[in-house]
Amino acid sequence: MTVFIIRRLLQALLVVFMMSVIVFFGVNIIGDPVYMLVSPDADQADIEAAISRLGLDRPILEQYWLFLKGAAQGDLGNSFIFGEPALKLILHHMPATMELAFSALILAIVIGIPLGLFAGLYPDSGISKGIMAASILGFSLPTFWVGLMLIMLFAVELRWVPATGRGDLGTLLGIHSSLFTLDGLSHIFLPALNLALLKISLAIRLTRAGVREAMGLDYVKYARAKGLSTRRIILVHVMKNIMIPVVTVMGLEFGSLIGFSVVTETIFAWPGMGKLLIDAILQLDRPVVVAYLMIIVLFFVLINLIVDILYSILDPRVRLQDQGA
Amino acid sequence: MTDTATDPALSSSLPAKVETPFQRFRAEFFESRIATGALAVFLIIVLLAVLAPWITPQNPYDLAQVSVMDGRLPPGSESFDGYTMWLGSDGSGRDLYSAILYGLRISLTVGLASGVIALLIGMAIGLIAAYAGGRIEAIIMRIVDLQLSFPASLVALMMVAALGKGVDKIIFALVIAQWAYYARTVRATAMVERGKEYVEAAQCLGISRFRIVFRHILPNCMAPLIVVGTVQTASAISLEATLSFLGVGLPQTEPSIGVLIANGFEYMLSGRYWISVFPGLALLLTVVSINLVGDHLRDVLNPRLKK
């Protein structure tokens, strides 16, 4: 187990390193950020001063070496636009993204599981077929388009909730979040719903499959024979058994929620990491792009590692060594 | 053909009638009304996109034909040149119906091109893994697993962040994001096929391994490849639209459906819904129809579901 974890961490480092090479040399090919930074009437001396200030006058290999040296010490460079450390900027935007991803996860569980339960218990009912059709749509509709439709319906036509921004932040137990004020909640509703759609579909399908399988098993028949009410069988016995895999899988989807939040944040002008990335790409703010991608890759590798370890604990048949290095 | 479509069980029980696999496949495919309808919708979309220059009132990217006077007209308005803009016009006065058909050309080209290239590359790599076995296979499959642990959208975003805008770069990014799905599929199917009797028979005949893999195993891997190919192509189209919408995909000079939707976004909050909504519907029809066809193909081509 320990060997497995160490090997995987080494592998993670290798992935992050390769990614940094691709992105670092890639971003150096496209566009010249200097012209986005100096004023249009700057003369040649100003431009050269800016270039040397950003360290762009050095050979690319030397730039990369300096970057690696900094990265090893936790310094991923300064943002060209804001002049602040890229890492600090990203960490500053991280809570907003986490809050959005977390809300989406909760929404997916709260909406998806009851719908999936219904569809699993009454597979032939018209409502169930409607639920399943909706879940297929949830899988195939592009997230950004659904986001636009949500804005149009709820924010422009009905005017129930605002379309953009994060709203007032409240503080509870030292955490600043939109979740603690009414205004904040009204702001987070649409983006969270948009981000949750894919996961709602996933929760519906997982729960439905789990329920349909469980209803035919012996322990349910036995509970029936014992004379337990259907309500008790479903809510206590069946739910207990299917909740473990469903909640595990949903929890594991947290990483992809953070990945997908790039789209949702841009549509709803949500000030999180994803929007920071898109802005950075558009403004050729290389250090922020590189830092974001390195952090997100590290994040994913860690989540996958935790997944594998969790699976091996939940299911002893899974042997970690087999998947090795 | 109609009677086989209505009752394949009957036709297969009649030994007198010889049916080629393709005929059986065709009959089974058209059994589903939804899939047939979806295929029809998709073919119509492709046809409209191909014929765009001949069936639209203007070329939306010929500046001489576009008038700023026509900007942001609601659907059904009459343009400056006298034709009716059934779907309205966008911010710079382009007829949306024309812009959508021209946009579909770009979206479909990017989606199909990246789908085909990713299929060929993924297929080759997957087959090499199955053919070589041992260490090479282990290394290839480890890379595939590693890549599949990241969402395709994130991989594509990473690639465009490193490469910049442009049709060629988007196709490259989509290929990088998707080849692993094909490689995994081909290798998994090839592994199953490798253990079958016909392969054993071919080996006994002394046919070279290379020939067995490419001439005997590969044709039997086509079914799952086609299914994955349809679904991945739909997702490539959708991914390109997403990237273009975010402003990191195609530039304004290559206005795909995603670019059109992005352009309309700024007008949406002021209630001019049509600039974003109609291109969005076109995208939706395309993606959903391909997905429905792919979904049904999976059922038809899956031997385990054979009646």
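1. Starting in chain B: helix 11 of chain B and helix 12 of chain B make a right-handed crossing (left-handed is when the near helix is turned anticlockwise from the far one by less than a right angle, right-handed when clockwise). Their axes come within 7 Å and cross at roughly 35 degrees; axes here are lines fitted to C-alpha atoms, for helices over the stretch in contact, with angles running from 0 to 180 degrees between N-to-C directions. Helix 11 of chain B brings Glu240(B), Ala241(B), Thr242(B), Leu243(B), Ser244(B) and Phe245(B) to the contact, and helix 12 of chain B answers with Ile257(B), Gly258(B), Val259(B), Ile261(B) and Ala262(B). Contact means that the C-beta atoms of two residues, placed from the backbone, lie within 7 Å. By class, that contact has seven nonpolar, three polar and one charged residues (nonpolar: Ala, Val, Leu, Ile, Met, Phe, Trp, Tyr, Cys and Pro; charged: Asp, Glu, Lys and Arg; polar: the others, Gly among them).

2. Some housekeeping. This is a predicted model, with local features needing pLDDT of at least 70 and side-chain atom pairs counting only at pLDDT 80 or more, while totals for chains, interfaces and linings use all residues. Residues are numbered from 1 along each chain as its sequence is written, and chains are lettered from A and ligands numbered from 1 in the order in which they are written. Helices (H or I, at least four residues) and strands (E, at least two) are DSSP runs, numbered from the N terminus.

3. On confidence, the predictor gives the complex an ipTM of 0.79 and a pTM of 0.83. pLDDT is the predictor's confidence in each residue, from 0 to 100. Chain A averages 80, with 88% of the residues at 70 or above; chain B averages 82, with 85% scoring at least 70. Within chain A, helix 14 (residues 320-323) has the lowest confidence, at a mean of 50, and helix 5 the highest, at 89. I'd flag residues 1-6 of chain B, where pLDDT stays under 50 and the model has six contacts beyond four places in sequence.

4. Now the interface: 32 residues of chain B are in contact with 31 residues of chain A. On the chain B side, the elements giving two or more residues are helix 7 (152-163), helix 11 (222-246), helix 12 (257-268) and helix 13 (274-301). By class, that side has 22 nonpolar, ten polar and no charged residues.

5. Chain A has 14 helices and two strands. Of its 325 residues, 37% are buried (buried: 20 or more other C-beta atoms within 10 Å of the residue's own; exposed: 12 or fewer; partly exposed: in between; C-beta atoms are placed from the backbone). Among the contacts in chain A with a separation of 6 or more, 68% come from residues 24 or more positions apart.

6. How do helix 8 and helix 10 of chain A pack, and at what angle? Helix 8 (residues 182-215) and helix 10 (residues 230-252) meet at about 150 degrees, with their axes 9 Å apart. That makes helix 8 of chain A roughly antiparallel to helix 10 of chain A (under 35 degrees is roughly parallel, over 145 roughly antiparallel, 65 to 115 roughly perpendicular, and the rest oblique). This crossing of helix 8 and helix 10 of chain A is right-handed. Residues making the contact include Leu206(A) and Gly210(A) of helix 8 and Ile242(A) and Pro245(A) of helix 10. By class, the contact has eleven nonpolar, three polar and one charged residues.

7. Helix 8 of chain A also holds Gly184(A), which counts as buried with 20 C-beta neighbours inside 10 Å. Gly184(A) and Val23(A) sit 161 residues apart in sequence and 36 Å apart in space, C-alpha to C-alpha.

8. Helix 5 (residues 86-121) and helix 12 (residues 273-282) of chain A pack at about 135 degrees, with axes 7 Å apart; the two are therefore oblique to each other. Leu89(A), Ile90(A), His93(A), Met94(A) and Thr97(A) of helix 5 touch Met273(A), Gly274(A) and Leu276(A) of helix 12. That contact has five nonpolar, three polar and no charged residues.

9. Two backbone spots deserve a look. Most residues other than glycine have a negative phi. Ala269(A) has a positive one, near 50 degrees. Ala269(A) is in the loop between helix 11 (254-267) and helix 12 of chain A and counts as partly exposed, with 13 C-beta neighbours inside 10 Å. Of the eight residues of helix 9 (residues 197-204) of chain B, zero are buried, so the helix lies largely in the open.
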